[in-house]
Amino acid sequence: MDQALAQITERVRAAVADQTPLRIRGGGTKDFHGRGLHGDVLDTRLLSGITSYEPSELVITACAGTPLAELEAALAAKGQCLPFEPPHFSPGATVGGMVAAGLSGPARASVGAVRDYVLGVSLINGRAEPLTFGGQVMKNVAGYDVSRLMAGSWGTLGLLTEVSLKVLPVAPAEATLRFECNQADALRKLHAWGGQPLPLNASCWLQDGGVGTLYVRLRGAVAAVQAACKSMGGTRLDNATTTLNNPLDWSACRDHTLPWFAQRAQQPDLALWRLSLPATAPVLALPAAAQPLVEWHGALRWVQAPASAGDALRAAAEAVGGSASVFVAASADPESASGQFDPKSAALAKIHARVKQAFDPAGIFNPGRLAAAW
């Protein structure tokens, strides 16, 4: 491992000297997202392996190139998990890519995001300097919380080499409830349940066979889940039979392999839009025939629409205090992703630029992935 780290550090040092852009890449499972992919590939999978795991302390440390599936398997063997359910999207996802992307799965609204579980990181900055921030316990932050700054930075601030994460035990009980209702009724139900002491963990509303259907996943103590099933109503589904087609597989929801997401394959002009909203936002006026998939108790809404609908989607999201961005560009128009990360505020753009300058003054890491300027 030391030899692999030395090789990568030397590669970064040479790139700085030559002003050669580097494209940091693990498994490449999220290459579809972002403004563009530029530079010579720097593969992080040389840095692989779980370096420390203390189940009793609920902390695991792994090299950035470690397959995410390997880390999750090690946790599962001890009855533990990453509660934020990081999406894989395809085989090969890595721990470093998980943190760099900062994406969370169906349970995000209930348990928190990736950044909330990052305890510490080691990285190589744009000066080829090895840096370490945070540690392996919760109360270890003094000064700037740089570890969590890495979550969602998409490799533009540095090359992650090692990550320490907080983990949690797998919930003793789980159940999925199904309700037939339209989107407005689904949101009303979710808002009402949110104010009650219920073990809500994840939710998903979509048009299932032309019928509006809400799925709610409960996780927690056995007694709490059983009581919630009785009080909430709906149809309880057997966890063993919630597969991709019968009727909802939460892993497929996480990885965007539900039939709803596959509709774009027959319509290459459609992009997948991500609308991040307040959970209390009402049903939005969307372009004709655009039926959303609603997650995170109403706070995340996926919409399939052409790039030409961008202004309308942004306006609808901003009207309720949210935002809309392209998550996957239309295959017929890959340039439709352009600008999806650009901050609306000039002041925020200046802060982003100054942080980038501090970590990567030569601008060699993933140029153009987040912003046109760097």
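Visitor: Hello! Which kind of model is this?
Guide: Local features here need pLDDT of at least 70, side-chain atom pairs count only at pLDDT 80 or more, and totals for chains, interfaces and linings use all residues. Residues are numbered from 1 along each chain as its sequence is written, side-chain values use heavy atoms with hydrogens and water left out, and the model is predicted.

Visitor: Let's start with the sheet. What is the order of its five strands?
Guide: Strands (E, at least two residues) and helices (H or I, at least four) are DSSP runs, numbered from the N terminus. Two strands pair if DSSP finds at least two bridges between them. Pairing in this open sheet is antiparallel, and the order is β3-β4-β8-β6-β7.

Visitor: Which strands stand at the edges?
Guide: An edge strand here has a single partner strand, so one side of it is left without a neighbour in the sheet. The strands in that position are β3 and β7 (130–134).

Visitor: Thanks! Over how many bridges do β3 and β4 pair?
Guide: β3 covers residues 50–54, and its Ser52 stands opposite Thr61 in β4. The two strands form a hairpin with four residues between them, and Leu58 in the turn has a positive phi of about 60 degrees.

Visitor: Which residue in β8 is the bridge partner of Ala62?
Guide: β4 also pairs with β8, in the antiparallel sense and over five bridges. Within β8, the partner of Ala62 is Val163.

Visitor: Are the residues of β4 buried or exposed?
Guide: Buried means under 20% relative accessible area, exposed over 50%, and partly exposed in between (1.4 Å probe, protein chains only). On one side of β4 sit Val59, Thr61 and Cys63, on the other Ile60 and Ala62, and both faces are covered. Five of the five residues in β4 (59–63) are buried.

Visitor: Over at the other end, which residue in β7 is the bridge partner of Leu123?
Guide: β6 (residues 118–124) and β7 pair in the antiparallel sense over five bridges. The partner of Leu123 in β7 is Leu131.

Visitor: Which strands does helix α1 touch?
Guide: Contact means heavy atoms within 4.5 Å. Axes are lines fitted to C-alpha atoms, for helices over the stretch in contact, and angles run from 0 to 180 degrees between N-to-C directions. Helix α1 (residues 2–18) packs on the sheet, its direction making about 60 degrees with that of β6, and the strands touched by α1 are β6 and β8.

Visitor: Now the cavities. How much space lies in the largest cavity?
Guide: On a 1 Å grid over the protein atoms alone, a cavity is a set of points where a 1.4 Å probe fits but cannot get out; lining residues have an atom within 4 Å of a point. Grid points are joined across faces, edges and corners, and a volume is the space filled by probe spheres set on the points. There are three cavities of 30 Å³ or more, and the largest holds about 340 Å³.

Visitor: Which element gives the most to the lining of the largest cavity?
Guide: This lining has 27 residues, with Ile24, Arg25, Gly26, Gly97 and Ala100 nearest the centre of the cavity. β1 (22–25), α3 (95–101) and β8 (159–166) each supply at least two residues. With four residues, the element that gives the most is α3.

Conventions: On a 1 Å grid over the protein atoms alone, a cavity is a set of points where a 1.4 Å probe fits but cannot get out, and a pocket is an open set with protein on both sides within 12 Å along at least five of seven lines; lining residues have an atom within 4 Å of a point.
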